[in-house]
Amino acid sequence: MSYRVCFVCTGNICRSPMAESVFRARVEAAGLEDLVEIDSAGTGGWHEGDAADPRTVSVLDEHGYGTEHVARQFQPSWFARLDLVIALDAGHLKALRRLAPTEEDARKVRLLRAYDPAAGDDLDVPDPYYGGRDGFEECLEMVEAASTGLLAAVREQLEGRAA
């Protein structure tokens, strides 16, 4: 049985598809692609059916990550099949925990930057949508830094399942 991770931001066109792409690359590099399923969604449905923001795609491409993304809205029923729901900021964290059907489901929701020991107290990944390209580059740096710790945590969970 796969370990399932879903990244969630607001519209599912900037931060969460970026996190999905980066984490998928890390999982593949670790040889865990047969054990971990990764996807993303938005807390809202404004962009459902849209591709990732062109700036997201451009930054990912320039750093060697691919993305074939179609935006969708997170559904509370998904909690039952997910092991981990990764929020990109505190607003997403609160929204997702409110959507969780059970306390157990609410405990599946974590902030991405909580997996980056260097993040300090500021665990939000700022929304780059209304800014320039620099915001997308900054977003990628934060996602990459947190993905190392997230991969270690997922690997630990996988080892716990095998025991």
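1. Side chains of strand S3. In this predicted model, Leu84 and Ile86 point one way from S3, while Val85 and Ala87 point the other way. All of these residues are buried. In a regular strand the side chains alternate between the two faces of the sheet. The reader can follow this pattern by stepping along S3 from Leu84 to Ala87.

2. Partners of strand S3. Strands S1 and S3 run parallel and are joined by 4 bridges. Within this pairing, Phe7 stands opposite Ile86 in S3. Strand S3 also pairs with S4 in the parallel sense, here over 3 bridges.

3. Aromatic pairs. How many aromatic pairs does the count come to? The count comes to 4. One of them is formed by Phe7 and Phe23, in an edge-to-face arrangement with 5.7 Å centre to centre and 65° between the planes. Phe7 belongs to strand S1 (residues 3-9) and Phe23 to helix H1 (residues 15-29), so the pair ties together parts that are 16 residues apart in sequence. Phe7 and Phe23 are both buried.

4. The tyrosine pair. Tyr129 and Tyr130 also form an edge-to-face aromatic pair, with 4.8 Å centre to centre and 90° between the planes. Are these two residues buried or exposed? Tyr129 has a relative accessible area of 29% and is therefore classed as partly exposed, the class that lies between under 20% and over 50%. Tyr130 is exposed, because its relative accessible area is 76% and the exposed class begins over 50%. Tyr129 has a further contact: Arg55 lies over the face of its ring, at 5.5 Å from the ring centre.

5. An aromatic cluster. Phe74, Trp78 and Phe79 form one aromatic cluster. The student may wish to locate Phe74, Trp78 and Phe79 together in the structure.

6. Side chains of opposite charge can pair when their charged atoms come close. The structure holds 11 salt bridges. In one of them, Asp83 pairs with Arg4, and the closest N and O atoms are 3.7 Å apart. Asp83 is in the loop between helix H2 (54-62) and strand S3 (84-87), whereas Arg4 is in strand S1; the pair links distant parts of the chain, 79 residues apart. Both Asp83 and Arg4 are buried. A network of salt bridges links Arg4, Asp83 and Arg161.

7. Arg15 forms a salt bridge with Asp127, with 3.6 Å between the closest N and O atoms. This pair, too, links distant parts of the chain: Arg15 lies in helix H1 and Asp127 in the loop between strand S4 (109-111) and helix H5 (133-162), 112 residues apart. The two partners fall into separate accessibility classes. Arg15 counts as buried at 2% relative accessibility, whereas Asp127 is partly exposed, with a relative accessible area of 40%.

8. The side chains of Glu20 and Arg24 meet in a salt bridge of 3.2 Å, N to O. Why are these residues separated by about one helical turn? The reason is that Glu20 and Arg24 are 4 residues apart in helix H1. Glu20 is buried, with a relative accessible area of 11%, whereas Arg24 is partly exposed, with a relative accessible area of 29%.

9. Cysteines. The count of disulfides comes to 0. Cys9 counts as buried at 2% relative accessibility, and Cys14 counts as buried at 4%.

How values were computed:
Residues numbered from 1 in each chain as written. Predicted model: local features only at pLDDT ≥ 70, side-chain atom pairs only at ≥ 80, totals over all residues. Heavy atoms only, no water. Phe/Tyr/Trp six-rings, centres within 6.5 Å; stacked < 30°, edge-to-face > 60°. Helix = DSSP H or I, 4+ residues; strand = E, 2+ residues; numbered from the N terminus. Buried < 20%, exposed > 50% of the residue type's maximum accessible area, 1.4 Å probe, protein only. Lys NZ or Arg CZ within 6 Å of the ring centre and 35° of its normal. Salt bridge = Lys/Arg side-chain N within 4 Å of Asp/Glu carboxyl O. Pairing = 2+ DSSP bridges. Disulfide = S-S within 2.5 Å.
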